[in-house]
Amino acid sequence: MIMKKAEDEKQLLGIRESKLIYSNLEISYEMMRSRRKSIAIAIAVGGKVTIKIPTNAREQEVLHFLQERSSWIYDSYKEQIQREKRGIHIEDGGKIPFLSEEVTVRILPNLNKVDAKIRYIEEQKQLIIETPKLWPAFLRECVESWYKKNAKSIIPFRVEQVAKVMQLTYGRITIRSQKSRWGSCSSEGNLNFNWHLIMMPPAILDYVIIHELAHRVEMNHSKQFWAIVEQACPDYKQRRLWLKEHGSSYEFLDT
Ligand SMILES: [Zn+2]
């Protein structure tokens, strides 16, 4: 099973969390010791601020550094949040992610229709929604149904290919929209995947498939389990991290 959050891992890594407060903004950051020679600040997806400090750095030195860089942190943080506010937003001419592609949404109002008609033009990477209604919630449903339809055909196909390579069997596959999970595997071998995965790069979808299939051998997250994952996916750590950092930006924005 892959939960969206893994808070317990932070403690294992000895990461300290704290907050920087600027006039009107509270920025939380994580500080970790590393083999670096100097202090480094990184602002990642979600505005996550990470400060890497040399193993022998003194607290005072670090605080002084943070003080000195405060306006830089403040500006970069705000910029990052701004850049990401996107989530998935549906509007005419807007782009939505689909595996490694970017698909342009075209909304064509057509009052003669009772329901929306959705078609995808592969060559132009255009998703055309001919619709009598223009409410954001309705358009969102249209796009969601298109994603789900694709998830239901692409994910089982990919599972079949990956399972062959890993020489594993499985039961039924269901595609769901659970809030907290990317995938799961039952003791009977039934697999369940979150349709949002279809929006992400194929390498990420593959990682989740490999992860769930590996549970066919180990129903836990033991060393043996990760060894099976690694065998099928040597760079699984990067993919896993990517999912943790970027996964939440693949939500639809409520308008
Ligand atoms: Zn798992």
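Helix axes here are lines fitted to C-alpha atoms over the stretch in contact, and the angles between them run from 0 to 180 degrees between N-to-C directions. With that in hand, welcome to a predicted model of a protein with 7 helices and 12 strands. Buried residues make up 20% of its 255 residues. Among contacts with a separation of 6 or more, 47% join residues 24 or more positions apart.

**A pair of crossing helices**

- Helix H5 (residues 202-214) and helix H7 (residues 236-246) have axes that come within 10 Å and cross at roughly 105°.
- Angles of 65 to 115 degrees count as roughly perpendicular, and H5 and H7 are therefore roughly perpendicular to each other.
- On the H5 side the contact is made by Ala203, Ile204 and Tyr207, which meet Tyr236, Arg239, Arg240, Trp242 and Leu243 in H7.
- By type, the residues of this contact between H5 and H7 divide into 6 nonpolar, no polar and 2 charged.

**The open sheet and its helix**

- An open sheet is formed by 4 strands in the order E6-E7-E9-E8, with mixed pairing.
- Strand E6 (95-98) and strand E8 (117-121) stand at the edges with a single partner strand each, so one side of each is left without a neighbour in the sheet.
- From one strand to the next, the twist averages 30°.
- E8 and strand E9 (residues 126-131) run antiparallel and are joined by 5 bridges.
- Within that pairing, Arg119 stands opposite Ile128 in E9, and Ile121 stands opposite Gln126 in E9.
- Helix H4 (residues 136-166) packs on the sheet and touches E6, strand E7 (101-109), E8 and E9. The direction of H4 makes about 135° with that of E9.

**Nonpolar cores**

- In soluble globular proteins, nonpolar side chains tend to be buried together.
- The largest nonpolar core here has 35 residues, and those touching the most other members are Leu197, Ile198, Ile204, Leu205, Val208 and Ile210.
- At least two residues of this core come from each of E7, E9, H4, strand E11 (181-185), strand E12 (191-194), H5 and helix H6 (223-232).
- H5 gives the most to this core, with 8 residues.
- Leaving aside residues up to four places away in sequence, Ile198 touches Phe98, Leu99, Tyr147, Asn150, Ala151, Ile154, Ile155 and Leu205.
- Another core, of 6 residues, lies apart from the largest one and includes Ile27, Tyr29, Ile51 and Ile53.

- Most residues other than glycine have a negative phi, which makes the next two worth a look when you check backbone torsions.
- Lys125 is not a glycine, yet has a positive phi of about 50°.
- Lys125 lies in the loop between E8 and E9, a hairpin with 4 residues between the strands.
- Lys125 is partly exposed, with 13 other C-beta atoms within 10 Å.
- Gln167, also a residue other than glycine, has a positive phi near 55°.
- The place of Gln167 is in the loop between H4 and strand E10 (173-176).
- Gln167 counts as exposed, with 7 C-beta neighbours inside 10 Å; the cut-off for exposed is 12 or fewer.

Key:
Residues are numbered from 1 along each chain as its sequence is written. This is a predicted model: local features need pLDDT of at least 70, side-chain atom pairs count only at pLDDT 80 or more; totals for chains, interfaces and linings use all residues. Two strands pair if DSSP finds at least two bridges between them. Two residues are in contact if their C-beta atoms, placed from the backbone, lie within 7 Å. Angles under 35 degrees count as roughly parallel, over 145 as roughly antiparallel, 65 to 115 as roughly perpendicular and the rest as oblique. Ala, Val, Leu, Ile, Met, Phe, Trp, Tyr, Cys and Pro count as nonpolar, Asp, Glu, Lys and Arg as charged, and the others, Gly among them, as polar. A nonpolar core is a set of buried Ala, Val, Leu, Ile, Met, Phe, Trp, Tyr and Cys residues joined through C-beta atoms within 7 Å.
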